[in-house]
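Q: I would like to learn how to read strands, rings and charges in a model like this. Could we go through it together, one feature at a time?

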Amino acid sequence: QVQLVESGGGLVQPGGSLRLSCAASESIFSFNAMGWYRQAPGKQRELVAAITSGGSTNYADAVKGRLTISRDDAKNTVYLLMNSLKPEDTAVYYCNANRIVPRSRYWGQGTQVTVSS
């Protein structure tokens, strides 16, 4: 029932920047945590960054210092600011929302990020 819509993906050169957006159909404050995952060709889906309703964040080692997750509760939107992008960042990026009570998890349809010169 919850809808998550990603946007902001595209083609960018190595070292460039993008900002991904995830717009939720309901208040993101109602979720215990939201995050960004990515899946590259031939690889498993992996956690990129997560943020809790309390503001705590967690990042994959590969993106620490380059990618930043943030949220705007008034706009029901979570962002992923991507700086110093590398070719290995190329993947489909998915927005995720998680709620403990009731137990539930939601996914967006994904947005393609391609880092290439």
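Q: Let's start with a bridge partner. Which residue in β3 is the bridge partner of Val5?
A: This is a predicted model, so keep that in mind as we go. As a general idea, strands of a sheet pair through backbone hydrogen bonds, either parallel or antiparallel. Here, Val5 has Ala23 in β3 as its bridge partner. The two strands involved, β1 and β3, run antiparallel and are joined by 4 bridges.

Q: What is the order of the strands in the open sheet?
A: The order is β1-β3-β8-β7, 4 strands with antiparallel pairing. β1 (4-7) and β7 have a single partner strand each and stand at the edges, so one side of each has no neighbour in the sheet. On average, neighbouring strands of this sheet are turned by 15° against each other, with direction ignored.

Q: Now to β4. How many of its residues are buried?
A: Burial is judged by relative accessible area, with buried meaning under 20%. In β4, 5 of the 7 residues are buried, so the rest of the structure largely encloses this strand.

Q: In which sense do β4 and β5 pair?
A: They pair in the antiparallel sense, over 6 bridges, with β5 covering residues 46-52. In this pairing Tyr37 stands opposite Leu47 in β5. The two strands form a hairpin with 6 residues between them. In the turn, Gly42 has a positive phi of about 75°.

Q: How many bridges join β4 to β9?
A: There are 7 bridges, and β4 and β9 run antiparallel.

Q: Let's turn to the rings. How many aromatic pairs does a search of the whole structure find?
A: The search finds 2. One of them is Phe31 with Tyr106, an edge-to-face pair with 6.1 Å from centre to centre and 70° between the planes. Phe31 lies in the loop between β3 (18-24) and β4 (33-39), whereas Tyr106 belongs to strand β10 (residues 104-107), so the pair ties together parts that are 75 residues apart in sequence. Both Phe31 and Tyr106 are buried.

Q: Why is the pair of Tyr37 and Trp107 edge-to-face?
A: The angle between the ring planes decides it, and over 60 degrees counts as edge-to-face. The planes of Tyr37 and Trp107 stand at 70°, with the ring centres 4.9 Å apart, so this pair is edge-to-face. It links distant parts of the chain, with Tyr37 in strand β4 and Trp107 in strand β10, 70 residues apart.

Q: Are Tyr37 and Trp107 buried or partly exposed?
A: Tyr37 has a relative accessible area of 15% and is buried. Trp107 is at 32% relative accessibility and counts as partly exposed.

Q: Which rings does the charged end of Arg45 sit over?
A: One is the ring of Tyr94, with the charged end of Arg45 4.0 Å from its centre. Another is the ring of Trp107, where the charged end of Arg45 is 4.6 Å from the centre.

Q: And opposite charges? How many salt bridges does a search of the whole structure find?
A: It finds 6. Among them is the one between Arg99 and Glu26, whose closest N and O atoms are 2.8 Å apart. These two are 73 residues apart, Arg99 being in strand β9 (residues 91-99) and Glu26 in the loop between β3 and β4. Arg99 counts as buried at 12% relative accessibility, whereas Glu26 is partly exposed at 30%.

Q: Where do Arg66 and Asp89 lie?
A: Their side chains meet in a salt bridge of 2.8 Å, N to O. Arg66 is in the loop between β6 (57-59) and β7 (67-72), and Asp89 is in the loop between β8 (77-82) and β9, so the pair ties together parts 23 residues apart in sequence. Arg66 counts as buried at 10% relative accessibility, and Asp89 is buried with a relative accessible area of 1%.

Q: Which residues are linked in a network of salt bridges?
A: The network links Arg38, Glu46, Arg66 and Asp89. Asp61 counts as exposed, at 65% relative accessibility.

How values were computed. Residues are numbered from 1 along each chain as its sequence is written. This is a predicted model: local features need pLDDT of at least 70, side-chain atom pairs count only at pLDDT 80 or more; totals for chains, interfaces and linings use all residues. Side-chain values use heavy atoms; hydrogens and water are left out. Rings of Phe, Tyr and Trp (its six-membered ring) pair if their centres lie within 6.5 Å; planes under 30 degrees apart count as stacked, over 60 as edge-to-face and the rest as tilted. Buried means under 20% relative accessible area, exposed over 50%, partly exposed in between (1.4 Å probe, protein chains only). A charge sits over a ring if NZ of Lys or CZ of Arg is within 6 Å of the ring centre and within 35 degrees of the ring normal. A salt bridge is a side-chain nitrogen of Lys or Arg within 4 Å of a carboxyl oxygen of Asp or Glu. Two strands pair if DSSP finds at least two bridges between them. Axes are lines fitted to C-alpha atoms, for helices over the stretch in contact, and angles run from 0 to 180 degrees between N-to-C directions.
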